[in-house]
Amino acid sequence: MKDWVVAILSAGQGKRMKTDRPKVLHPLVDRPILYYIFEAVSSITNNIYIVISPKLYNVLYDKINVNFVVQDEPLGTGDAVKRLLPYLKEFNGNILVLPGDVPLIKKETLERLCLIHEKENNACTILTTVVDNPSGYGRIVRDEKGNIVKIVEDKDATLEEKNIKEINTAIYAFDWNKLKEVLPYLNNNNAQKEYYLPDALSLLLKRGEKVNSLTVENWEVLGVNSQKELANLHKVFTGKINEKWMDAGVTIISPDTVTIGKDVLLENDVIIYPNSVMLGRIIIKKGSVVGYNVYIKNYTIGEKVEIGPNSFISCNKSKEEGD
C-alpha cells in the first residue's frame, strides 16, 4: 500500500460507563479495548497517532509507542482530526481514521478499506453497516443511484432520515491533502455544538470529489458506551472465538460459559468443560481435556493431558502427558 498514517480517536469522556477508568481502557477478556485497535491497524502502518484526553494521556504516555495528540476539550471528531494538522504538515498520503472503542474490527477489513480507497483514488472511503435499530447513529444518505449524498447525525436527522438503517461506523480512509483543505470549513451549527468529521464528506462532495463506501457486518463494528454494551461485546467476542475453535475440531461442552483469549492456540480433539477460562499465550495440544472451573494463563499443555476440575494454572511452563 501507499503511504498511510492512522488516527485513533479516543478523547471521548465515556460518561455512560459510570467509572473513573477511561472507556478505551476497560478490559475485554485479557487486554484493554484500545489494544485490540492497535493490533488491527498494525498491518497498515506503524505511523499511528492517538487523539486522547489529558486524563488518558496521563495514563498512557509512557506505556505505548505511538504519537500522542491531546484534545483538551471534547469538541467533536472534526475538532479531534484538526488537532493533527500541526503534526502532518509535510504528509502527502492517506489517513485511516477510526474510534478507539471498536475492538472487534478485523485487520483484514481495514486492509480492504484502504486498498479500495487507493484503487478507486477516492477522496474518502467510509465503512458502513446496516442495523435493525439505527437510533443514536449517523445515517448514510444516498441518492436514487446509490451514491452517498451526506451523513446526518441522529439528533439532526429528519423523520425520513431517521428511518435509514445504513449507518456510519466512524471508520474512514481519507486522502489527507483533500481532507485538510476542508477541515477549516467545519462548523458546530448542530444540536451538539460539536465539529463533526462526517461533515467533511459533504464538503468534499460539494467540491466534486469522489466518496465511496464499504459495508461490513454490524457485529464487527460494535462500539462501547455503557457497561451493558461492554458485556454484550464480551459475549460476541468470546462467541466468535469459540465458534472458530469448534469449527476446527475442538469440543466445547457449554460455549456460553467458556472464555478463550485471542492468543490461545488449540489443536483438534481438545475437550473443554464448562466455566473454564484460558488467557494469554496458551497452547493446548491434541487430545487434552480441560475440566470444569479451570483457569489457565500462559501455559503449554501437551498431548492427552487431563486438567482436573477447579485447577488454577498461571505460569510460563508446560505440562506433558503423565506429569
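Which helix supplies the largest share of the lining of the second largest pocket? Helix 8 does, with 7 residues. This is a predicted model, in which local features need pLDDT of at least 70 and side-chain atom pairs count only at pLDDT 80 or more, while totals for chains, interfaces and linings use all residues. Residues are numbered from 1 along each chain as its sequence is written, and side-chain values use heavy atoms, with hydrogens and water left out.

A pocket here is an open set of points on a 1 Å grid over the protein atoms alone, where a 1.4 Å probe fits, with protein on both sides within 12 Å along at least five of seven lines; lining residues have an atom within 4 Å of a point. Helices are DSSP runs of H or I of at least four residues, and strands are E runs of at least two, numbered from the N terminus.

The lining has 20 residues, and Leu104, Ile105, Lys106, Phe237 and Lys262 lie nearest the pocket centre. By class, 9 are nonpolar, 2 polar and 9 charged, where Asp, Glu, Lys and Arg count as charged, Ala, Val, Leu, Ile, Met, Phe, Trp, Tyr, Cys and Pro as nonpolar, and the others, Gly among them, as polar. Helix 1 and helix 4 (107-120) also contribute at least two residues each.

I turn now to Asp79, which lies in helix 3 (residues 77-82). Asp79 counts as buried because its relative accessibility is 9%, the limit being under 20% with a 1.4 Å probe and protein chains only. Beyond four places in sequence, Asp79 contacts Gln71, Glu73 and Tyr195, contact meaning heavy atoms within 4.5 Å.

Key. Buried < 20%, exposed > 50% of the residue type's maximum accessible area, 1.4 Å probe, protein only.
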